[in-house]
Amino acid sequence: MVAFCYQFVYHYPFEVMCLANMLRYPSCPELPALVDYELLSDIHADAEKRLIERTVTMKVDLPEWIPKWLGLRQLKFHQTVKIDTRQRFMHIHSTNLFLPSQVLAIEDCVYGVSKANPNWTTFSTTAFLKVNNFFGLEGLCEKQVLREYVACARLGRIIDGQKICNIINTNPLWRHLEPWHVDPDKPDLNQPMPVYPDVSEVAQVPLPTQESSSNVQHSGLLLPIETTTETNERCG
């Protein structure tokens, strides 16, 4: 069994970050690993709360022996997405649909208002993976999958940065924000440190429909990819 915990602080309001994440679906050129998507339901409880259920299929870059022994090269997940625009948070819960008798994979991602600044957004993710009955190679398989997951976690932040630039360039409500020219080689991905107006003065942007738009392992815990004090926080 292995677990993963990671936080990243975006210097952009929650409304922008929520929109950036939603724009990944149903397809995302920046994320070629996303090979299939199905919307199961999209319920608006009221003007502020939304519940989405969907399945996503990912193609993962793993050593050849893993997909060969598992008998599959794509991994399908069920996701539940809860959005509350009044409380300003989004929770994404994912569980695996592939090999349910051998694999248990659970992920929880949350976008919420940063405690340091109401105009910033804290992204938190925790993931759990347990592989059973895999020819005595359960631990090795778990480590390989977690290594790929860590890379995907960082890629997700890079994609968010690219989506933010698209939002700023195309949506007049957010043109006062400074674009984020992502540099994957920098620990903070070259994120700017802009000064924002009070969040109450920033217009709300309606979310699109789903049809549109060197790690250390210790006691099963994989430490965050980056630990710079400006942009990342340890889970705890």
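The stops that follow go from the whole chain to single residues.

**The whole chain**

Begin with the entire chain selected, and bear in mind that this is a predicted model. Read from the N terminus, the order of the elements is β-α-β-β-α-β-β-β-β-α-β-β. The chain has 236 residues, and 47% of them count as buried. If a surface is displayed, its accessible area comes to about 12000 Å², with 55% belonging to carbon and sulfur atoms.

**Helix α1 and its partner**

Next, select residues 14–22, which form helix α1. How many residues of α1 are buried? Nine of the nine are, so the helix is largely enclosed by the rest of the structure. The buried set includes Phe14, Glu15 and Cys18, and Met22 at the end of the range also belongs to it.

Two packed helices are described by the angle between their axes and the distance between the axes. To view the contact itself, show the side chains of Val16, Met17, Leu19, Ala20 and Asn21 on α1, together with Asp160, Lys163, Ile164 and Ile167 on α3. By class, this contact comprises six nonpolar residues, one polar residue and two charged residues.

**The loops on either side of α1**

Move to His11, in the loop between β1 (2–10) and α1. His11 has a relative accessibility of 1% and therefore counts as buried. Which backbone atom lies 2.7 Å from a polar atom of the His11 side chain? Select Pro192: the atom is its backbone oxygen.

Now go to the loop between α1 and β2 (34–44), where Pro26 is found. Centre the view on the bond from Tyr25 to Pro26; this peptide bond is cis, with omega near 10°.

**Two residues with positive phi**

Most residues other than glycine have a negative phi, and most peptide bonds are trans. The next two selections have a positive phi. The loop between β4 (74–84) and β5 (89–96) contains Arg88. Arg88 is not a glycine, yet its phi is positive, at about 60°. Its relative accessible area is 12%, so Arg88 is buried.

Continue to Leu99, in the loop between β5 and β6 (103–113). Leu99 likewise is not a glycine and has a positive phi, here about 45°. Is Leu99 buried or partly exposed? At 22% relative accessibility, Leu99 counts as partly exposed, because buried means under 20%.

**Thr57 and its surroundings**

For the last stop, select strand β3 (residues 49–59) and pick out Thr57 within it. With a relative accessible area of 9%, Thr57 is buried. Which residues does Thr57 touch, leaving aside those up to four places away in sequence? They are Ala33, Leu34, Val35, Asp36, Gln74, Leu75 and Lys76. Finally, draw a distance from the C-alpha atom of Thr57 to that of Lys76: the two atoms are separated by 4.2 Å, although the residues are 19 residues apart along the chain.

Conventions. Residues numbered from 1 in each chain as written. Predicted model: local features only at pLDDT ≥ 70, side-chain atom pairs only at ≥ 80, totals over all residues. Heavy atoms only, no water. Helix = DSSP H or I, 4+ residues; strand = E, 2+ residues; numbered from the N terminus. Buried < 20%, exposed > 50% of the residue type's maximum accessible area, 1.4 Å probe, protein only. Areas by Shrake-Rupley, 256 points an atom, 1.4 Å probe, with all protein chains shown as cover. Axes fitted to C-alpha atoms, helices over the stretch in contact; angles between N-to-C directions. Contact = heavy atoms within 4.5 Å. Nonpolar A, V, L, I, M, F, W, Y, C, P; charged D, E, K, R; others polar. Polar contact = N/O pair within 3.5 Å; in protein donor to acceptor, adjacent residues only side chain to side chain.
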